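Reader: I'd like to learn how to read aromatic pairs in a structure. Could you walk me through one?

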Amino acid sequence: MGKDFVEPPLEVLWWADDMNDFIAGNKDKWEWRLMIVTADWMDDRMFEEAVAAARERLGEPPSSLRLERFAEGRCAQIMHIGPENDRAATITKKLYLEFLPLHNVRPHGHFHEIYLTDASRVAPEKMQTVLRQPVQ
């Protein structure tokens, strides 16, 4: 196609009906949405063609698969370096209990993680994850 595109990292939105369940780490009450960033020049036709090609090789896609534009707005974010199990302390203590109150903002929207490293290729202590919370 004559265009450059580097595969971006995997992203996930997390939320709970009650934000306190999210902050407290009550994972049994969390919901999630996996996101794979596409090129901004991808249109509906290209998306449908890609899904059709993948269907031939991989079978039926999930019914929730869709192409959607995403705009997050104002956010607070922090880089977490280390294993997945240690992220909860960074999220709760540094983001929700320290940073947000200090800057007089509150969570507004789904919590967002961006996985900059691949857990199958990087040692747990070197994992890098952007932890992002939209705020108001």
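**Reading the aromatic pairs**

Author: Let's begin with the layout: along the sequence, the protein chain runs β-α-β-α-β-α-β-β, with helices (H or I, at least four residues) and strands (E, at least two) taken as DSSP runs numbered from the N terminus. This is a predicted model, where local features need pLDDT of at least 70, side-chain atom pairs count only at pLDDT 80 or more, and totals for chains, interfaces and linings use all residues. Residues are numbered from 1 along each chain as its sequence is written, and side-chain values use heavy atoms, with hydrogens and water left out.

Reader: How many aromatic pairs does a search of the whole structure find?

Author: A pair of aromatic rings is described by the distance of the centres and the angle of the planes. Rings of Phe, Tyr and Trp (its six-membered ring) pair if their centres lie within 6.5 Å; planes under 30 degrees apart are stacked, over 60 edge-to-face, and the rest tilted. Here the search gives 6 pairs. In one of them, the centres of Phe 5 and Trp 41 are 6.3 Å apart with planes at 80°, so this pair is edge-to-face. Phe 5 sits in the segment before strand 1 (10-16) and Trp 41 in the loop between strand 2 (30-36) and helix 2 (44-58), so the pair ties together parts 36 residues apart in sequence.

Reader: What about Tyr 96 and Phe 111: buried or exposed?

Author: Buried means under 20% relative accessible area, exposed over 50%, partly exposed in between (1.4 Å probe, protein chains only). Both Tyr 96 and Phe 111 are buried, whereas Phe 5 is partly exposed at 44%.
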